[in-house]
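Dear colleague,

Please find the structure below.

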Amino acid sequence: MKKEQIIRQCYGGMKEKHGMETVTLFHVGDSYEAYFEDAETITRIMEAPLFKMTAANIPAVRISDTAMEECRNRLLDAGHEVCVSEFRGASGRHILKIL
């Protein structure tokens, strides 16, 4: 399965499970990533740079491990619910399919 398919499937699964309004971050390697609308929300609140993930141009933002607590607190202070996914592959460098 291609990376963009995994991102779309995991993002969609988390939205179904936790609600469309919940901002979801995925633990990937030494940082956390958010995609689509969640990435845009974090960019507005944290002023973190938005970038395009994969050839499918998925909007994404990356938050360092050290900035994660501040990010979560600022999202909560802004009235957002936050979900952090720890589902990772053995290497810790990629997200796994969420069932």
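Which residue in strand 4 stands opposite glutamate 33? Arginine 62 does, and strand 2 (residues 31-35) is joined to strand 4 (residues 58-64) by five bridges in an antiparallel arrangement.

This is a predicted model, in which local features need pLDDT of at least 70 and side-chain atom pairs count only at pLDDT 80 or more, while totals for chains, interfaces and linings use all residues. Residues are numbered from 1 along each chain as its sequence is written, and side-chain values use heavy atoms, with hydrogens and water left out.

Helices (H or I, at least four residues) and strands (E, at least two) are DSSP runs, numbered from the N terminus; two strands pair if DSSP finds at least two bridges between them.

The open sheet has five strands in the order 3-4-2-1-5, with mixed pairing. Strand 3 (50-53) and strand 5 are its edges, each pairing on one side only.

Strand 1 (residues 23-28) has six of its six residues buried, that is, under 20% relative accessible area (1.4 Å probe, protein chains only). Val23, Leu25 and His27 lie on one side, and Thr24, Phe26 and Val28 on the other. Four bridges link strand 1 in parallel to strand 5 (residues 82-85), where valine 84 faces leucine 25. With strand 2, strand 1 forms three antiparallel bridges, and valine 28 stands opposite serine 31. Two residues separate the strands of this hairpin, and glycine 29 takes a positive phi near 60°.

Yours sincerely

Key. Buried means under 20% relative accessible area, exposed over 50%, partly exposed in between (1.4 Å probe, protein chains only).
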